[in-house]
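My entries follow in the order in which I made them.

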Amino acid sequence: MGPVLVVGGCREARAWSLQGGPRPMGPGRAGPMRSSVAAPDCCGGLGNLDFRKADLCVMTWLLGYVDPSEPHFVAAVLTIAFNPLFWNVVARWEHKTRKLSRAFGSPHLACCALGGAILLLNVLRSHCFTQAMLSQPRIQSLDNPLAYRVGLALLGVGGVFVLSSFLALGFTGTFLGDYFGILKEARVTTFPFSILDNPMYWGSTANYLGWAIMPFTAEIYRQKASQAHKRS
């Protein structure tokens, strides 16, 4: 199993929420202003488009390198979709009811329990993601040492952003502590929040992209060595 890419994806740089709790959603937030004047209906609108004439070569090319029915791919998609849904639903439920805090006798203990559950779920997600990458069709253009080095560099940069974000926010700040009423005195503005609004998002993206390239390239060379050994 590859490295556990866990922190990014839980408290993805929502440092602003540390000032006063979760940000209101929906009607409580002002949306963009809309003009009462209708925009011109370009080309007669979408109704005049003939989607049967659309060029599907790009989609066909992508499907040549992705097998959506492969079990590991399905498992990876399910864990990637489920994990953020789980922790957001639980955190919002806790914010409204405080039942977790009462059950554990302390908001800090309840937050640590949720953080532990999130870590375990992310271990599973990382494992499923790795297995999915190893089981998918290969892109031959990545069959070179440079691709491996690029993946390693992406993993390094992503790790810096994720770990520095974790250190800046702390455990409770990272794992939704604001939903438990655990707030910092001021907004976090130190590195990496000083250069990126969402360093954990970007760090996690770089981690997964880099790790996808690395096991893929390593698997290619493992297969090549195995074939050479059989021929000899």
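**Surface and fold**

I began with the accessible surface: the protein chain exposes about 14200 Å², and carbon and sulfur atoms supply 67% of that area. I note here that the model is predicted. Of the 232 residues in the protein chain, 35% are buried.

I then listed the secondary structure and found six helices and zero strands. Read from the N terminus, the order is α-α-α-α-α-α. I also looked up contacts with a sequence separation of 6 or more; residues 24 or more positions apart account for 88% of them.

**Helix 2**

I checked the length of helix 2, which covers residues 71-97. At 1.5 Å a residue its 27 residues should span 39 Å, and the end C-alpha atoms are 38 Å apart, so the two values agree.

At the start of helix 2, I found a side-chain oxygen of E70 within 2.9 Å of the backbone nitrogen of H72. At the other end, helix 2 is followed by R98.

Which residues of helix 2 are buried? I get A76, T79, N83, W87, V90, A91 and E94. Residues three or four places apart in an α-helix point the same way, because there are 3.6 residues a turn. The cover over the buried residues of helix 2 includes helix 3 (99-104) and helix 4 (107-135).

A polar atom of the T79 side chain lies 2.9 Å from the backbone oxygen of A76. Leaving out residues up to four places away in sequence, T79 touches L124, R125 and C128.

**Helix 4**

I repeated the length check on helix 4. Its 29 residues should span 42 Å at 1.5 Å a residue; the end C-alpha atoms are 42 Å apart, so this helix agrees as well. At its start, a side-chain oxygen of S106 comes within 3.2 Å of the backbone nitrogen of H108.

**Cores**

I looked next at the largest nonpolar core, which has 13 residues. Which of them touch the most other members? They are L100, L114, I118, L176, Y179 and F180. Helix 2 and helix 4 are the elements that give two or more residues to this core. The largest share, four residues, comes from helix 4.

I followed L100 further. Not counting residues up to four places away in sequence, L100 touches V90, W93, E94, A110 and F180. I also noted a second, separate core of six residues, with F129, Y208, A212 and M214 among them.

**Cysteines**

How many disulfides are there? The count comes to zero. For C112, the nearest cysteine sulfur is that of C111, 5.8 Å away. A disulfide needs two cysteine sulfur atoms within 2.5 Å, so C112 is in none.

C112 has a relative accessible area of 37% and is partly exposed. C128 has a relative accessible area of 11% and is buried.

Most residues other than glycine have a negative phi, and most peptide bonds are trans. I searched for exceptions.

R98 has a positive phi of about 60° although it is not a glycine. R98 sits in the loop between helix 2 and helix 3. At 27% relative accessibility, R98 counts as partly exposed.

L176 is another residue other than glycine with a positive phi, near 65°. Its place is the loop between helix 5 and helix 6. Is L176 buried or exposed? At 0% relative accessibility, L176 counts as buried. I had already met L176 among the core residues that touch the most other members.

The peptide bond from F191 to P192 is cis, with omega near 5°. P192 lies in the loop between helix 5 and helix 6 (199-231).

**A last distance**

G170 is partly exposed, with a relative accessible area of 23%. G170 and K184 are 14 residues apart in sequence, and their C-alpha atoms are 9.9 Å apart in space.

Key. Residues numbered from 1 in each chain as written. Predicted model: local features only at pLDDT ≥ 70, side-chain atom pairs only at ≥ 80, totals over all residues. Heavy atoms only, no water. Expected span 1.5 Å × (residues − 1). Buried < 20%, exposed > 50% of the residue type's maximum accessible area, 1.4 Å probe, protein only. Contact = heavy atoms within 4.5 Å. Polar contact = N/O pair within 3.5 Å; in protein donor to acceptor, adjacent residues only side chain to side chain. Core = buried A, V, L, I, M, F, W, Y, C linked by side-chain atoms within 4.5 Å. Areas by Shrake-Rupley, 256 points an atom, 1.4 Å probe, with all protein chains shown as cover.
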